[in-house]
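Here are my notes for a colleague opening this structure for the first time. Please read them with the model on screen.

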Amino acid sequence: MRPLTDRCPKPLLKVRGRPLIVWHILNLVRAGISEIVINHAYLGTMIEDALGDGAQFGARIRYSAEGTALETAGGIAKARHLLGEEPFVALAADVYCPHFNFEQVKDVLQEHDVWGKPHPAHQRDVAWLYLVKNPTHNPRGDFTLKNFTVANDGEPRLTFSGIGVYRPGMFDSVQPGEPAKLATLLREYAARGQVGGELYRGDWTDVGTAERLAELNAPWTGKPS
(Lines give C-alpha, C1' and ligand atoms only; values in the text may rest on other atoms or scores of the structure.)
Protein backbone atom coordinates (compact mmCIF):
# COMPACT_ATOMS: atom_id res chain seq x y z
CA MET A 1 0.00 0.00 0.00
CA ARG A 2 3.00 2.31 0.02
CA PRO A 3 3.39 5.19 -0.46
CA LEU A 4 -0.24 5.64 0.70
CA THR A 5 0.47 4.13 4.12
CA ASP A 6 3.75 5.94 4.74
CA ARG A 7 1.85 8.63 6.63
CA CYS A 8 -1.59 7.07 7.07
CA PRO A 9 -2.54 3.74 8.67
CA LYS A 10 -4.43 1.50 6.28
CA PRO A 11 -7.74 1.58 8.25
CA LEU A 12 -7.94 5.34 7.71
CA LEU A 13 -7.58 5.14 3.93
CA LYS A 14 -10.81 6.36 2.37
CA VAL A 15 -13.27 4.58 0.12
CA ARG A 16 -15.96 6.85 -1.31
CA GLY A 17 -14.93 9.61 1.07
CA ARG A 18 -15.12 7.51 4.25
CA PRO A 19 -12.26 5.72 6.07
CA LEU A 20 -12.38 1.94 5.78
CA ILE A 21 -12.70 1.50 9.52
CA VAL A 22 -15.58 3.96 9.73
CA TRP A 23 -17.63 1.87 7.30
CA HIS A 24 -17.32 -0.97 9.85
CA ILE A 25 -18.11 1.20 12.86
CA LEU A 26 -21.28 2.60 11.32
CA ASN A 27 -22.47 -0.87 10.31
CA LEU A 28 -21.77 -2.23 13.80
CA VAL A 29 -23.65 0.59 15.48
CA ARG A 30 -26.55 0.18 13.06
CA ALA A 31 -26.84 -3.41 14.28
CA GLY A 32 -26.80 -2.32 17.92
CA ILE A 33 -23.17 -3.26 18.54
CA SER A 34 -21.71 -0.13 20.07
CA GLU A 35 -18.99 -1.47 22.42
CA ILE A 36 -15.92 -1.57 20.19
CA VAL A 37 -12.27 -2.44 20.87
CA ILE A 38 -9.66 -1.42 18.30
CA ASN A 39 -6.22 -3.04 18.24
CA HIS A 40 -3.53 -0.94 16.63
CA ALA A 41 0.22 -0.77 16.14
CA TYR A 42 1.58 1.15 13.13
CA LEU A 43 0.61 4.85 13.36
CA GLY A 44 -2.02 3.83 15.89
CA THR A 45 -2.23 7.24 17.54
CA MET A 46 -3.59 8.59 14.27
CA ILE A 47 -6.48 6.13 14.54
CA GLU A 48 -7.20 7.24 18.11
CA ASP A 49 -7.05 10.90 17.11
CA ALA A 50 -9.44 10.34 14.20
CA LEU A 51 -12.02 8.18 15.99
CA GLY A 52 -11.75 9.42 19.58
CA ASP A 53 -14.03 7.72 22.08
CA GLY A 54 -16.53 6.84 19.37
CA ALA A 55 -19.24 9.24 20.56
CA GLN A 56 -19.44 10.85 17.12
CA PHE A 57 -20.61 7.48 15.76
CA GLY A 58 -22.85 6.51 18.65
CA ALA A 59 -20.26 4.01 19.88
CA ARG A 60 -17.93 3.54 22.83
CA ILE A 61 -14.45 2.82 21.52
CA ARG A 62 -11.56 1.54 23.60
CA TYR A 63 -8.06 0.89 22.30
CA SER A 64 -5.47 -1.83 22.73
CA ALA A 65 -2.11 -0.44 21.63
CA GLU A 66 0.27 -3.21 20.60
CA GLY A 67 3.45 -1.27 20.03
CA THR A 68 4.87 -4.03 17.84
CA ALA A 69 2.23 -5.71 15.71
CA LEU A 70 1.13 -9.00 17.30
CA GLU A 71 -0.87 -10.51 14.41
CA THR A 72 -4.61 -11.09 14.82
CA ALA A 73 -4.64 -13.81 17.50
CA GLY A 74 -1.87 -12.11 19.45
CA GLY A 75 -3.74 -8.83 19.36
CA ILE A 76 -6.94 -10.46 20.58
CA ALA A 77 -5.07 -12.18 23.42
CA LYS A 78 -3.61 -8.84 24.51
CA ALA A 79 -7.07 -7.24 24.46
CA ARG A 80 -8.84 -10.07 26.33
CA HIS A 81 -9.37 -7.94 29.44
CA LEU A 82 -11.43 -5.54 27.32
CA LEU A 83 -13.51 -8.19 25.55
CA GLY A 84 -15.38 -9.89 28.38
CA GLU A 85 -16.37 -13.55 28.53
CA GLU A 86 -19.07 -13.73 25.86
CA PRO A 87 -18.51 -14.47 22.15
CA PHE A 88 -17.43 -11.41 20.20
CA VAL A 89 -17.18 -10.41 16.56
CA ALA A 90 -13.75 -9.47 15.21
CA LEU A 91 -12.99 -8.10 11.78
CA ALA A 92 -10.12 -6.85 9.71
CA ALA A 93 -10.19 -3.08 9.41
CA ASP A 94 -8.82 -3.15 5.87
CA VAL A 95 -11.67 -5.01 4.19
CA TYR A 96 -14.50 -3.14 2.50
CA CYS A 97 -17.95 -4.68 2.87
CA PRO A 98 -20.36 -1.73 3.01
CA HIS A 99 -23.57 -3.78 3.24
CA PHE A 100 -22.58 -6.40 5.81
CA ASN A 101 -25.41 -6.78 8.33
CA PHE A 102 -23.89 -7.38 11.75
CA GLU A 103 -27.26 -8.39 13.18
CA GLN A 104 -26.47 -11.86 11.90
CA VAL A 105 -23.42 -12.34 14.15
CA LYS A 106 -25.34 -12.14 17.41
CA ASP A 107 -26.55 -15.74 17.71
CA VAL A 108 -24.32 -17.88 15.51
CA LEU A 109 -22.42 -19.50 18.40
CA GLN A 110 -25.10 -21.41 20.24
CA GLU A 111 -24.78 -22.80 23.77
CA HIS A 112 -27.79 -25.11 23.43
CA ASP A 113 -29.44 -27.23 20.78
CA VAL A 114 -32.96 -26.52 19.48
CA TRP A 115 -34.44 -28.45 22.41
CA GLY A 116 -32.56 -26.39 24.99
CA LYS A 117 -30.02 -29.07 25.84
CA PRO A 118 -26.49 -27.69 26.41
CA HIS A 119 -23.91 -28.59 23.80
CA PRO A 120 -20.94 -30.43 25.38
CA ALA A 121 -17.99 -28.04 25.59
CA HIS A 122 -15.80 -30.22 23.37
CA GLN A 123 -18.47 -30.24 20.65
CA ARG A 124 -19.37 -26.55 20.58
CA ASP A 125 -18.21 -24.36 17.74
CA VAL A 126 -15.56 -21.98 19.03
CA ALA A 127 -15.66 -19.79 15.93
CA TRP A 128 -18.00 -18.83 13.14
CA LEU A 129 -16.44 -17.54 9.93
CA TYR A 130 -17.86 -15.62 7.03
CA LEU A 131 -16.35 -16.92 3.81
CA VAL A 132 -16.43 -15.39 0.34
CA LYS A 133 -15.81 -16.64 -3.17
CA ASN A 134 -12.12 -16.60 -3.99
CA PRO A 135 -10.86 -13.23 -5.25
CA THR A 136 -8.29 -13.18 -8.04
CA HIS A 137 -5.45 -12.59 -5.58
CA ASN A 138 -6.32 -15.74 -3.57
CA PRO A 139 -7.44 -18.29 -6.16
CA ARG A 140 -6.68 -21.33 -3.96
CA GLY A 141 -8.85 -20.11 -1.11
CA ASP A 142 -8.43 -20.86 2.60
CA PHE A 143 -11.10 -23.34 3.70
CA THR A 144 -14.02 -25.44 2.51
CA LEU A 145 -17.59 -25.26 3.74
CA LYS A 146 -20.14 -28.06 3.99
CA ASN A 147 -23.39 -27.93 5.96
CA PHE A 148 -22.16 -24.84 7.84
CA THR A 149 -18.97 -26.62 8.95
CA VAL A 150 -15.60 -25.13 8.01
CA ALA A 151 -12.88 -27.61 7.05
CA ASN A 152 -9.24 -27.32 6.06
CA ASP A 153 -9.37 -29.71 3.11
CA GLY A 154 -11.66 -30.49 0.23
CA GLU A 155 -13.37 -28.63 -2.60
CA PRO A 156 -14.62 -26.10 -3.53
CA ARG A 157 -12.30 -23.70 -1.78
CA LEU A 158 -13.45 -20.41 -0.27
CA THR A 159 -11.66 -17.40 1.19
CA PHE A 160 -11.96 -16.17 4.78
CA SER A 161 -13.44 -12.67 4.67
CA GLY A 162 -11.67 -11.41 7.79
CA ILE A 163 -14.99 -11.33 9.67
CA GLY A 164 -15.60 -13.91 12.38
CA VAL A 165 -17.24 -14.56 15.73
CA TYR A 166 -15.12 -16.19 18.47
CA ARG A 167 -15.40 -17.59 21.96
CA PRO A 168 -12.78 -15.94 24.21
CA GLY A 169 -11.55 -19.33 25.43
CA MET A 170 -10.30 -20.07 21.94
CA PHE A 171 -7.35 -17.79 22.71
CA ASP A 172 -6.38 -19.32 26.06
CA SER A 173 -3.28 -20.88 24.54
CA VAL A 174 -1.96 -17.53 23.25
CA GLN A 175 0.39 -15.73 25.61
CA PRO A 176 -0.57 -12.03 25.89
CA GLY A 177 2.12 -9.89 24.32
CA GLU A 178 3.35 -12.65 21.99
CA PRO A 179 2.65 -12.58 18.23
CA ALA A 180 0.23 -15.28 17.07
CA LYS A 181 -1.58 -15.90 13.80
CA LEU A 182 -5.33 -16.44 13.79
CA ALA A 183 -5.08 -18.87 10.87
CA THR A 184 -3.07 -21.32 12.97
CA LEU A 185 -5.76 -21.46 15.66
CA LEU A 186 -8.57 -21.69 13.12
CA ARG A 187 -6.95 -24.64 11.37
CA GLU A 188 -6.44 -26.45 14.67
CA TYR A 189 -10.09 -26.10 15.66
CA ALA A 190 -11.35 -26.77 12.13
CA ALA A 191 -9.49 -30.09 12.24
CA ARG A 192 -11.56 -30.91 15.35
CA GLY A 193 -14.81 -29.92 13.65
CA GLN A 194 -15.35 -26.94 15.93
CA VAL A 195 -15.49 -24.10 13.41
CA GLY A 196 -18.78 -23.17 11.78
CA GLY A 197 -19.39 -20.72 9.01
CA GLU A 198 -21.37 -19.54 6.05
CA LEU A 199 -20.92 -17.96 2.63
CA TYR A 200 -21.24 -14.17 2.48
CA ARG A 201 -22.48 -13.10 -0.95
CA GLY A 202 -22.45 -9.30 -0.59
CA ASP A 203 -19.92 -6.76 -1.79
CA TRP A 204 -16.51 -7.46 -0.29
CA THR A 205 -12.98 -6.35 -1.13
CA ASP A 206 -9.68 -7.00 0.63
CA VAL A 207 -8.08 -3.59 0.18
CA GLY A 208 -4.55 -4.94 0.18
CA THR A 209 -3.05 -2.90 -2.64
CA ALA A 210 -3.16 0.66 -3.90
CA GLU A 211 -4.64 -0.67 -7.14
CA ARG A 212 -7.64 -2.23 -5.37
CA LEU A 213 -8.22 0.99 -3.46
CA ALA A 214 -8.12 2.97 -6.70
CA GLU A 215 -10.63 0.59 -8.29
CA LEU A 216 -13.07 1.13 -5.42
CA ASN A 217 -12.74 4.90 -5.74
CA ALA A 218 -12.90 5.01 -9.53
CA PRO A 219 -15.79 7.02 -11.01
CA TRP A 220 -18.78 4.94 -12.06
CA THR A 221 -18.90 4.75 -15.86
CA GLY A 222 -21.98 2.60 -16.21
CA LYS A 223 -19.90 -0.10 -17.88
CA PRO A 224 -18.65 -3.38 -16.37
CA SER A 225 -15.06 -3.12 -15.11
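**Notes on the predicted model**

1. Start with helix α5, residues 182-191. Its buried residues are Leu182, Leu185, Leu186, Tyr189 and Ala190. The model is predicted. Viewed down the axis of α5, these buried residues fall within an arc of 130 degrees, so they line one face of the helix. An α-helix has 3.6 residues a turn, so residues three or four places apart point the same way.

2. What do the buried residues of α5 pack against? Their partners are the helix α3 (71-78) and the strands β7, β9 (149-151), β10 and β11. After α5 comes Gly193. The phi of Gly193 is positive, near 75 degrees.

3. Strand β10 deserves a look next. It spans residues 159-166, and eight of its eight residues are buried, so β10 is largely enclosed by the rest of the structure.

4. Which strands pair with β10? One is β5 (residues 88-91), which runs antiparallel to β10 and is joined to it by four bridges. Here Val89 has Val165 of β10 as its bridge partner. Another is β7, also antiparallel, with six bridges to β10.

5. Now the aromatic rings. The model holds eight aromatic pairs. In one of them, Phe100 and Tyr200 sit 5.0 Å apart, centre to centre, with 55 degrees between the planes; the pair is tilted. Why tilted? Planes under 30 degrees apart count as stacked and those over 60 as edge-to-face, so 55 degrees falls in the tilted class.

6. What does this pair tie together? Phe100 lies in the loop between β6 (95-96) and β7 (127-132), and Tyr200 in the loop between β11 (195-199) and β12 (205-206), so the pair links parts that are 100 residues apart in sequence. Both Phe100 and Tyr200 are buried. They also belong to one aromatic cluster, along with Phe102 and Tyr130.

7. Two arginines lie over ring faces. Arg18 is over the face of Trp23, at 4.3 Å from the ring centre. Arg187 is over the face of Phe143, at 4.6 Å from the ring centre.

8. Finally, check Pro219, in the segment after α6 (210-217). Is Pro219 buried or exposed? Pro219 is exposed, with a relative accessible area of 68%. Its C-alpha atom is separated by 42 Å from that of Arg80, which is 139 residues away along the chain.

Definitions and conventions. Residues are numbered from 1 along each chain as its sequence is written. This is a predicted model: local features need pLDDT of at least 70, side-chain atom pairs count only at pLDDT 80 or more; totals for chains, interfaces and linings use all residues. Side-chain values use heavy atoms; hydrogens and water are left out. Rings of Phe, Tyr and Trp (its six-membered ring) pair if their centres lie within 6.5 Å; planes under 30 degrees apart count as stacked, over 60 as edge-to-face and the rest as tilted. Helices (H or I, at least four residues) and strands (E, at least two) are DSSP runs, numbered from the N terminus. Buried means under 20% relative accessible area, exposed over 50%, partly exposed in between (1.4 Å probe, protein chains only). A charge sits over a ring if NZ of Lys or CZ of Arg is within 6 Å of the ring centre and within 35 degrees of the ring normal. Two strands pair if DSSP finds at least two bridges between them. The arc is that of the directions from the helix axis to the C-beta atoms. Contact means heavy atoms within 4.5 Å.
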